[in-house]
Amino acid sequence: VTPLATYRRDTPYPFCPGCGHGSILDALNAALVELQRDPGQIVIVSDIGCSGLSDQYFATNAFHGLHGRSIAYASGIKLARPDLEVVVVMGDGGTGIGGAHLINAARRNIGMTVLVFNNFNFGMTGGQHSTTTPAGAATSTTPLGNLERPLDVCGTVAVNGAAYVYRGTSFDRDLGTRIAEAIASPGFALLDIWELCTAYYVPRNKSSKRALFGMLDELDLAAGVIARREVEGYEAAYRKAHAELRGRPVLAAEPIERRFAASLARPMRLVVAGAAGGKVRSAARLAGRAALLSGLWAAQREDYPVTVQTGHSISELIFSPEPFAYTGIEKPDATILLAAEGLGKASRYLSAMGPDDTVYAEASLPAVETTARVVSLDLASAGSVGRTGRSLALLTVALLDLEALSEESLMAAADIGPARHRDENRAAIAAGKALVQPSAGE
Ligand SMILES: Cc1ncc(C[n+]2csc(CCOP(=O)(O)OP(=O)(O)O)c2C)c(N)n1
Ligand code: SF4
Ligand SMILES: [Mg+2]
């Protein structure tokens, strides 16, 4: 295989003349060339600001989000895909704004490499001071000199256990090698790279390359490689612990394959409204599994109070033969009222429904005000259903009556669900089926 000569795209950087950002990106490119990783396995997560423009100049994957949150995104990417090489590019502004993310990623040793493009000010917005602005420095928000002590970014992550920590400048000849070292080391790596914002920081502070090196001495902050620890990245440690404790790898759940013919030709929106503790959500989840087994797309959305075993519990279910993006329900095709708590919260659905829609109401509930067709369901006539099976039994009646799902798919969903509930769920589905034939729809 011919080695890659560059990971850059051929568009020129957009930065002001003399801005340090370009040199740091060249060093990042040199590091990537040194490591020769597959560009498809690299993700550059950029923050906001002039430094945040960087990702588009590389022929790698990229993720660009909100100011200060790049480490949070990078954490998610690395935890989900440990095989990817995740490099965060962020300004000193973003580093301060996302300070808690920084500390926690270091503490957990999530395997990313953070490049702090530290020009001591918010460059893009006109040179406001940031958490790294040295005391005494003039910025647009500290015109008479900054009164704050600058944050020691390296000290902060190093004391919290980061695997690799380096402080240097954009002028360092070996910056590319240091970045490559950081990328190659497992665990959290950070390079605090001091540089010049020629548009704002330099003119206000008569700064220069020489002044930058002078600052390193004056501020009494460690420079060079500050910490280097042999640690495992959290993403690997987590997978190892999971395998040991659970006896199976992470994300080992089997995908649900289609086994039954789809029973729906158009999307169907169902609201299941009951009481907290009444197994509303598990009944809805089982129906969702049955929909997937029938080759449908399915979404489930919940509404319940933060308290447990009290108040309402509402599941919105959408089943569709086609993919859909919006998972909210404004007008249901059917609402299944299981308990007074659910009825109390269902008025917005009921008033949106019309004559073509159906309300399935548990027989003991008060009469419902709606223009929809109302079907009363009396579980007592369906033989014995335990308290926990009631929601599933009534939901089964509605699903079969609407021809939304087949009994076979519901039974199969019970079989692939939690084993300890299998028999109970099968009995509830059978009870629902017994109820649907003689009475529902009449
Ligand atoms: C939450 C949020 N607040 C404010 C802004 C406006 N904003 C855009 S760029 C920027 C400054 C960026 O400074 P820094 O992170 O140091 O990057 P630099 O431009 O210096 O490279 C700010 C405050 C924003 N985009 N998002
Ligand atoms: S404003 Fe400052 S940080 Fe932004 S491109 Fe210009 S010199 Fe660089
Ligand atoms: Mg900055």
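Before I go on, two bits of housekeeping. This is a predicted model, where local features need pLDDT of at least 70 and side-chain atom pairs count only at pLDDT 80 or more, while totals for chains, interfaces and linings use all residues. Residues are numbered from 1 along each chain as its sequence is written, chains are lettered from A and ligands numbered from 1 in the order in which they are written, and side-chain values use heavy atoms, with hydrogens and water left out.

Back to Tyr73. Its partner is Phe63, and the two make a tilted aromatic pair, 4.8 Å centre to centre with 45° between the planes. Phe63 sits in strand 2 (residues 61-64) and Tyr73 in helix 2 (residues 70-80), so the pair ties together parts that are 10 residues apart in sequence. Phe63 is partly exposed too, at 35% relative accessibility. The rule here is that rings of Phe, Tyr and Trp (its six-membered ring) pair if their centres lie within 6.5 Å; planes under 30 degrees apart are stacked, over 60 edge-to-face, and the rest tilted. That gives 6 aromatic pairs. Ring pairs also join Tyr13, Phe15 and Tyr57 into a cluster.

Phe15 turns up again at ligand 2. So what surrounds ligand 2? The shell is Phe15, Cys16, Cys19, His21, Cys50, Asn119, Gly123, Cys197, Thr198, Ala199 and Tyr200, where a residue gets in if one of its heavy atoms lies within 4 Å. By type, that shell splits into 7 nonpolar, 4 polar and no charged residues. Nonpolar covers Ala, Val, Leu, Ile, Met, Phe, Trp, Tyr, Cys and Pro, charged covers Asp, Glu, Lys and Arg, and the others, Gly among them, are polar.

Zooming out, the protein chain has 15 helices and 15 strands, taken as DSSP runs numbered from the N terminus (helices H or I, at least four residues; strands E, at least two). Its radius of gyration is 30 Å, well over the 22 Å that the globule rule gives for 442 residues, so the chain is more spread out than a compact globule. That radius uses C-alpha atoms, and the rule is 2.2 Å times the number of residues to the power 0.38. The C-alpha trace spans about 90 × 50 × 40 Å along its principal axes. Buried residues are 49% of the 442.

For a look inside, take Ala290, in helix 10 (residues 280-293). Ala290 is buried, with 0% relative accessible area. Skipping neighbours within four places in sequence, Ala290 is in contact (heavy atoms within 4.5 Å) with Leu405, Ser409, Leu410 and Ala413.

Last stop, backbone angles. Most residues other than glycine have a negative phi. Which way does phi go at Gln309, positive or negative? Positive, near 60°. Gln309 is in the loop between strand 11 (297-303) and strand 12 (312-320), and is exposed at 63% relative accessibility. Glu403 has a positive phi as well, about 55°. Glu403 lies in the loop between helix 13 (390-401) and helix 14 (407-416), and counts as exposed at 59%.

How values were computed:
Buried means under 20% relative accessible area, exposed over 50%, partly exposed in between (1.4 Å probe, protein chains only).
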